[in-house]
Structure formats: structure tokens, C-alpha cells
Amino acid sequence: MKKPVSRRVALKSLGASVGAAALLPWLSEEGVQAFVSIQQTAATPQPRVLSASQYAALDSLVEAIIPADERSPGAREARVSDYIDLLLDEGDEALRQQWLDGLAAMDAEAVARFGMPVAKLPAERLDQLLTDASRNEQQPQTALERFFVLTKQATIAGYYTSEIGIHKDLRYKGNQVLAVFHGCLTEDGQDCPHCGQKPVPSSDRKL
Amino acid sequence: MFQASTGRQPAADPTLTLDLSAITAESRKQADLITPRSGPWDVIVVGSGAAGGMAAFQLATAGIKVLLLEAGRMIDVPKEYRTMEWPYQSLRRHRLPPDERPLAIAEYNFVDRPYGNDPRFANYKKLTSYAGNAFTHNWVVNEKEHPTTGTPYAWVRARVLGGKTNFWGRGALRYGPLQFKAATLDGFDVDWPIGYEDVAPYYDQVDRLLGCSGTMEGLQQVPDGVFQRPTKLNCVEVSFKRAIAKMGRHFIPGRAGVTTDGVLHNKYRSRCMARGRCGRGCDLNAAFHSPTALIYPARDTGHLTIRPYSIVSEVLLDEGTNKASGVRVMDMATREVMDFRARVVVLGAGCLDTTRILLNSKSSPYPTGLGNTSDALGRYLSEHLMGIRGSGFIPTRIGTEPTIDDARPVGPYVPRFRNVTDKHPDFIRGYHFQGGGGAGEYPGFATTIPGFGKAFKSNVRKFYPALLSLGGFGEVLPVKDNRVTLDPQVKDAWGVPVLKFDFKFGDNERKMARDMADSLEEMLRAAGAEDIRITREVLPEGWSIHEVGTARMGNDPKTSVTDKFCRLHDVPNVYLADASPFVSGGTQNTTWSILAMCWRTMDFLKEEIRAGRV
């Protein structure tokens, strides 16, 4: 796990005075532990709302939406189902029912077409199921299509706010203590290796 | 209550549920210590944001005894500014706890006022404005305790030391001649009674005192300042800049009320370390926040007394001398009512709350409110038109490895280009765009990428470094009938009458919005952007949090509330320190102008006090 900058590290990197030390962030060890426990890949899920079979179905769906690939783990390892379970636990009854009905409809569709529930479907069958459910993503018509959009949005929210999504998949590099922000290197009169742009000749630049 | 209706306990989340007992206990102790007999004070300042903070700083550092009244509590800056917290540090990924919720965009227009009365919010203990989030929710007010009536209005208020400066957007732009002399240029309404030359020296001093990052551009629509090290444009922004330069438009580094080089004589602040999370409260205090930049240094002079939990309901008038004698305060928690006295009252509660206090200050000489002999009080409400925005993917960065693109206090800025030298056939005044691009922490655009699976995931990565998005800020014309009044029936949780809004965007704004959307699309096309998406609907009224004008300044007491030094025409010892005296709002974010105007007003007041005229 990438650790947040501790007070000590932040102080050191800043060369800050004692006066400034009092103003540095308060980082709670308990706070860090709380999310670690739910996100540790190996931890057994303890859903508050979903049954074991509902959790398994949801876990298959979110992993199919954002799967593991050569670059990074997918939604399963990022514990997106735990995130959604917490969302449901704290949401209202209508939201819970919407999800439970959606999961039931997906399972019913899987059984009707392939004779087994979502959690047991081989990858290509699950892919077929979702390909059909995602057909009208812009304007979903059926219950299954609407549930696909709901699940996709929650998967995006859960995955790209996770450590895996932010650091391993997107390789987001900000939110660090930096001496200076550089931006496009053409701004400093150099060729920029990131975008291939050339600097404006100095004769054309304003002083 | 939410828990009662579901029988569920919310998950413990110590990063989100901060223990504020120490700071609330300290606030209580401090409030109890200060009674009307603790004085005397020379000046009472109401509010502790940009206006109240600057007023207190100017007066206290000049040796004048100040009582600062803040409606909320004190702030625990190191604990409450959670600048670098990752979303996965919170179980809820920075969602609010289950018994709190912000108003959604559509609800502003489709839910009746007061918003907090609607049954759909019955299960929530706290309903905030749209600005309520995991970082601000302890600061912004509960709409259930602070209702509004009348037309829809997204009124963002914060009751805590420092007010909205704890989470402001840091845009530090100057008004220029185009704003102060707008009426001369286009014939609409009236000019300000002062010009840019009157305020420019104060903008300079604000830049030097607080630190302002920017580049010298020589543009009359947004004058240059005394700048510290500027921010840089990232790759997609350079592409966009080069494309629109061919159209004669500028894309310049944003101007930020953030010290990038450090400031002198302030032990509470450090320079910017390019972390890019300023809106949560900058725990280095490189961003301007009123507590560390102004109030703590003012308190260190020994001339400033701060009383938290002090809700000011009205300014008290001595009818014999026609002068204000002080203010009436209700303690937020104990509800004890106290009258605090001083020689001068400075109101800096924010444009609309200052106006509300004045409207509620009724006496036989001023039956419709103090300062309202002109009937201009509460009228000419203006702010900025928002909602027109657009995005696209810039080809130079599609499919590239992400770089650090967001490590700066504000994104770049397209200064106003309409009605500067030309004359637009459809509308007067103008607009600007703010925005930026590149890799941000959260790829919000992912919901627009179709499909699922490996192709979806790799497409999110492919477009992630290439996004550019911009949003417009347009001038809203100040018109007499866009106004607030006191609601005759509805009161807030402390018994103070609430504001009734009668405020709607007009024809000029609608035509301007259309042109904003068209010009934004035109610029994104010029930059060769892919998958251009333009939002053409405006956001609800009030969204900009840039309200100005409800106690406008002027030379004629028959048509204006204050004189050119923001002093009430009616009563000579009441001064307005916030944006309520501004005659028009331009397109610029208001905070830097509030700070400069307040400094100017306080210089005048200091001289009045020195000369023994108050």
C-alpha cells in the first residue's frame, strides 16, 4: 500500500519550522487501519447487505466491467463489491431494493439463457450477457439495461477511488509534495517529450 | 433520523468523522469569556471571512481595539484541513456520512423553498448546499436551520472562523476599467463612483501581503498585479492555447490567491508545495485562508478580541445622535441575547447576510432597514452565470503515459474577449472561461466511455491524460428588480427573519449563455479536440458564490446605500466590508476585490478614527 505522507516526512521535505509543525495535517493511524482492513485483498468479505450469493454475483459483474489486465488488477481485487455493499448499507430502502432486484434479474437472465447463475458463468457467457445488457447504454430501456448502467457507474466510482485504480491502473502521479510544478516543458523553452510539442521560438515570445 | 428508519449503524470512519470536541470546547470557553462588559472596543467587525478578516487585520495592526463576531465556531486548522487525504483513506471514499447530504443541481429548481422542509430530506440530519462535501461539511450551514424562500437560489454559507475562505476557489482576479466604467462603455445602469485607479494601489498591497501567483499579460479586461511565481500550463493546455491564439484569444496561467514564493511576516503560512488540493483547506496555508493569513496575525497584536458563536441579528441605532451604537447578538448555543457596543460597526458577513442584518435593523427613522432610505438595499443582486461548459480530448496526449498535470492552485484562464474592443450584436458585458486539463486524480469522464471489459478499461487510460475541460463565468446585469427582502413569516433557527429571493437571469444572460457555448465549441474544434461535449444549460441562480451589489455604492444617497468609501449614507459610522457595495460584478471571481476594497475602506476609517471624526 502506498503510504500517505507522514508528519515527519512532510516536515523533513519542507524543512519546516517548529511553528509550521503545528499546522501540518493530522493523520490518524486508526483511520488508515480502518480502510486497510476492508481493502486487503486477502480479507474475507463481510458484506452488511448482500448475501453470499448476491455478493458473488456482484463481484463477477464488477470484475467483468473493469477486469484485471496486463497493467493492473481489476475491480474484484480493488474490493469494489465491498464499496457497493457499504453504499447500500448507508443508502435508503429504495436504493437497496433497486440493487437486489437488479442482481436477481441478472441471475434470472443467466439461468434462463445458460442454465447457471451469474457467479458461475464462464467468461465468454458473462461477456455475452453484458454485451446485450449494454446495448443501449446511452438510453437504457429494459430493467437489465438500466441495471448495467447502474452497476457500471458504481464500479467506476469504486474502482477509480481505490488505491489500485488511482496508482496502479491510472498511474496518477499528483498529490505529492513537490518543489515546483513543471507542466508542459515547452513552457520552459524545451521540447516536450510528453506531447511532442516544440517551444515557441524565443523571438516570438513576450518578455 | 436515518438510523431510526433503518435500524442500521453507520460504519465507523475516523477519517471523515472528525473529533471536534476540543475546538468546540475552546470556542465555548472563548464565547463565555467575552460579554458586553469585556470591552471597550473601538470597532465591531461582523464576520471573519475575506471581508471581516481583512477589516480586523487592518484595524488591529493600526492599534485600534476590535471585537470580531463570528456566527460559528473557531477552527482547528491542522485537524480540519485534510489536504492530502486519498479517497481510499475513507471507507466512504469521501462520500458524506449517511445522515448528511448536499442538495443536487436539479433539486434547486424542482424542490420548493425552504429546501429543508421537503419530505425527501426528512431522514437527513444535515442538508447542505451543493458545496457540502467530505471536506467542507463541518463548515457549511444546515439548510434546515438556515432556510431561504422565494425563487431558487444556491446560497452557499459557511459559519466557522474564516467562512468560505477555508475552501474558496483561489481565483484572484482584478476588476479593471471595463468593470468600474461599464455604464460609460455600454450605456447600461451606472458606473461605480470610483475608478480602477482608486483601487489599484490596494490590489497591489493585497498581492504583496497575501501573495498572488500570475503572469504579466497587459490585458485591460483583467489588469496585471504584483505577481509571485506563476503556475504552468500542461501539455493539453499548451495545445489549446496555441489553437485559440490564432483566433486572437488568450489562455493564460490562472491567477491564484496562493503564495508560491512565500510571504513575509506571517509565521502561520508556508509557500505552495504544488500538491494541488487547495480547496480542502491548504494545511501549509500557502492558499489564502482568512484565519491564518489575517485573523491570527491580527490577534497576535493584542488588539483583537474574537467572540465565536455570535449571531448578529441587527445593528443598534442611537436615534439621538443618528449613529449606530453597536449590534445585537444571540449566542448560537445558549441563545442568550446581548448588545455589544462600539464607536463603529463594520459589516463583513458576506454580501447577502450583511444585507439581511441591515434589512432587519428597523427603527422609526429607518422603518425598512438601516441604510435603506434609498430603497436600494437588497436590490441589484448580481453574481455570475455558470453552467456552460465543454470538454474534449486533445490529440497530442491521447494514448500517452500520464504526467503530473494538476499540481497547482488553479487551472488556466481564458480572459473575457467579448465587448472588450468589439461590440457583440446580441448582448452587453462579457464572460470568461476557467478550466484546464490533463490527468486528474478521478477520471470523471469514464462514464462517457462506452462498453465494459478490457477495451473499456484501456480506453479510460488512453484518454486519461488528454482531457481538457472549461467552464464559463458570465456577468449578470445588475437590475433593480433582482432583489432580496426579508420574509415576513419564515425565520431561521435563531428567530432571525430569512431572505426571500426574487432573482432570475434575464434576456442578456440567456443570449450570453448561447454565445458562451458556441464560442467554447468553436475553440475546442480549433484545438482539434475529439469527442467534444458541450453543456448548454445554465446552473441554478447563485451557483457562482459571487453575490454582489445588494447595498450598492454611489454618490447620490437617493439611489445608493453607501458612499464611495462603503459607509452608509444614512448613518455615518457603519461600514460595509464585503461585496455588498459593488455596483457590478464583472466576470471576475470576487474575493480579491473584496480584500482590496476592504483595505481601502479601512484606510479611510483609520483616518476618520485618527482625526476623531467617529
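Student: Which residues does B:Val346 contact, leaving aside neighbours within four places in sequence?

Tutor: Two residues are in contact if their C-beta atoms, placed from the backbone, lie within 7 Å. B:Val346 contacts B:Val43, B:Ile44, B:Val45, B:Val46, B:Ala55, B:Tyr575 and B:Ala577. This is a predicted model: local features need pLDDT of at least 70, side-chain atom pairs 80 or more, while totals for chains, interfaces and linings use all residues. Residues are numbered from 1 along each chain as written, with chains lettered from A and ligands numbered from 1 in written order.

Student: Which members of the largest nonpolar core touch the most others?

Tutor: Such a core joins buried Ala, Val, Leu, Ile, Met, Phe, Trp, Tyr and Cys residues through C-beta atoms within 7 Å. Buried means 20 or more other C-beta atoms within 10 Å of the residue's own; exposed means 12 or fewer, partly exposed in between. This core has 223 residues, and B:Ile44, B:Ala56, B:Val66 and B:Val346 touch the most other members. Helix α14 (591-610) of chain B gives the most, 9 residues.

Student: Why is helix α9 of chain B largely enclosed?

Tutor: Helices are DSSP runs (H or I, at least four residues), as are strands (E, at least two), numbered from the N terminus. In α9 (235-245), 8 of the 11 residues are buried, so the rest of the structure largely encloses it. Among them are B:Phe240 and B:Ile244. Their cover includes β13 (431-437), β14 (467-475) and α13 (507-526) of chain B.

Student: How many residues of domain 1 of chain B contact domain 2 of chain B?

Tutor: 10 residues of domain 1 of chain B contact 11 of domain 2 of chain B.
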